[in-house]
Amino acid sequence: MRIVIAGGHGQIALRLERLLSARGDEVAGIIRNAEQSDDLRAAGAEPVLLDLESASVEEVAAQLRGADAAVFAAGAGPGSGTARKETVDKDAAVLFVDAAVRAGVRRLVIVSAIRADPAHPGDDVFDVYLRAKGEADAYVARQTALDWTILRPGQLTDEPGTGLVRLEAHTGGGPVTRDDVAAVLAELVDTSATAGLTLELIGGSTPVTVAVKSVAGN
C-alpha cells in the first residue's frame, strides 16, 4: 500500500511510519519544516514539504493522488494557543478530508481524542482543542465518498507499548501508549471493514490485531 500521513513528524506518526515501512508499505509524511526530513527518512518515510495551514485543497490532493490510504495525525501540539487549535486541529483536518475526496482516496483514518465534541463547553485551550477535534470529526462523518474511521485515543503516554488495548465505541477515559496507538493505526489503515466507525482507544487486555478484528466484525 501507499499511505500518506498528515503531521508526518508527530510522535505517533513517526512510530506509524516505522511500522508501515517495516511491513513493506510505501509511506509519505507531510511536514512543514524541511529540517524534519531526515527524521522521516530514518523512519522509512518519504518527506513531503507542505504547510497544511496555508496549502490549497488541490496542492494537498496532488500529494494524495495514487495513495491507497490517508491518515490525519497532525496536531497543533500542547504548547500552541487556541488559534492554532482551529487552524490545525480543525481547519487542516477539513482541508485534508476535502483533498482526499478530490484525489479519489477512499480510505481515511483520522486521529482524534476521547471527549472530542463540537459542543464541548469552555474557553480554555484544552476546551477549544476538544471542540475543534469534535468539529473536524463531525465533518469527516458527513463524507459519503470516503471509507473513514475516526480513532479517539485516551491520555497519551511515552511508555513502551504493551500491544494490549481496549478498542470500542465507548471506553471511557484512560491512558494509552503512543506505541499502541500507532499499532492500532497500522491495522486500521488496511481494515476497511471499520469504515464509518468512531472508536475510542485506551490500554487494555486485548491484543491489537484481535481488537481491530473484533470491531471490524471478524
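These legends go with a set of close-up views of a predicted model. Since the model is predicted, local features need pLDDT of at least 70 and side-chain atom pairs count only at pLDDT 80 or more, while totals for chains, interfaces and linings use all residues. Residues are numbered from 1 along each chain as its sequence is written, and side-chain values use heavy atoms, with hydrogens and water left out.

**View A. A tilted pair, phenylalanine 72 with phenylalanine 96.** Searching the whole structure turns up two aromatic pairs. To count, rings of Phe, Tyr and Trp (its six-membered ring) need centres within 6.5 Å; planes under 30 degrees apart are called stacked, over 60 edge-to-face, and the rest tilted. Here the ring centres sit 5.8 Å apart with the planes at 50°, so this pair goes down as tilted. Phenylalanine 72 belongs to strand E4 (residues 69–72) and phenylalanine 96 to helix H4 (residues 82–103), so the pair ties together parts 24 residues apart in sequence. Helices (H or I, at least four residues) and strands (E, at least two) are DSSP runs, numbered from the N terminus. Both phenylalanine 72 and phenylalanine 96 are buried, where buried means under 20% relative accessible area, exposed over 50%, and partly exposed in between (1.4 Å probe, protein chains only).

**View B. A stacked pair, phenylalanine 126 with tyrosine 129.** The ring centres of phenylalanine 126 and tyrosine 129 are 5.5 Å apart, with 25° between the planes. Both residues lie in helix H5 (residues 125–141), three residues apart, or about one turn of the helix. Phenylalanine 126 has 46% relative accessibility, so it counts as partly exposed. Tyrosine 129, at 19%, counts as buried.

**View C. Arginine 2 and glutamate 46 in a salt bridge.** A salt bridge here is a side-chain nitrogen of Lys or Arg within 4 Å of a carboxyl oxygen of Asp or Glu, and by this rule the count comes to 18. One of them joins the side chains of arginine 2 and glutamate 46, at 3.4 Å from N to O. Arginine 2 is in strand E1 (residues 2–6) and glutamate 46 is in strand E3 (residues 46–49), so this contact ties together parts 44 residues apart in sequence. Arginine 2 is buried at 15% relative accessibility, while glutamate 46 is partly exposed at 36%.

View D. Glutamate 86 is partly exposed, with a relative accessible area of 25%.

**View E. Aspartate 137 bridged to arginine 152.** In this salt bridge the closest N and O atoms come to 2.9 Å. Aspartate 137 sits in helix H5 and arginine 152 in strand E6 (residues 147–153), so to speak linking distant parts of the chain, 15 residues apart. Both aspartate 137 and arginine 152 are buried.

**View F. A salt-bridge network.** Arg15, Asp158, Arg178 and Asp179 are the residues linked in this network.

**View G. Leucine 16 and its contacts.** Leucine 16 is found in helix H1 (residues 11–22) and is buried, with a relative accessible area of 0%. Setting aside neighbours within four places in sequence, leucine 16 is in contact (heavy atoms within 4.5 Å) with Ile5, Val71, Ala182, Leu185 and Ala186.
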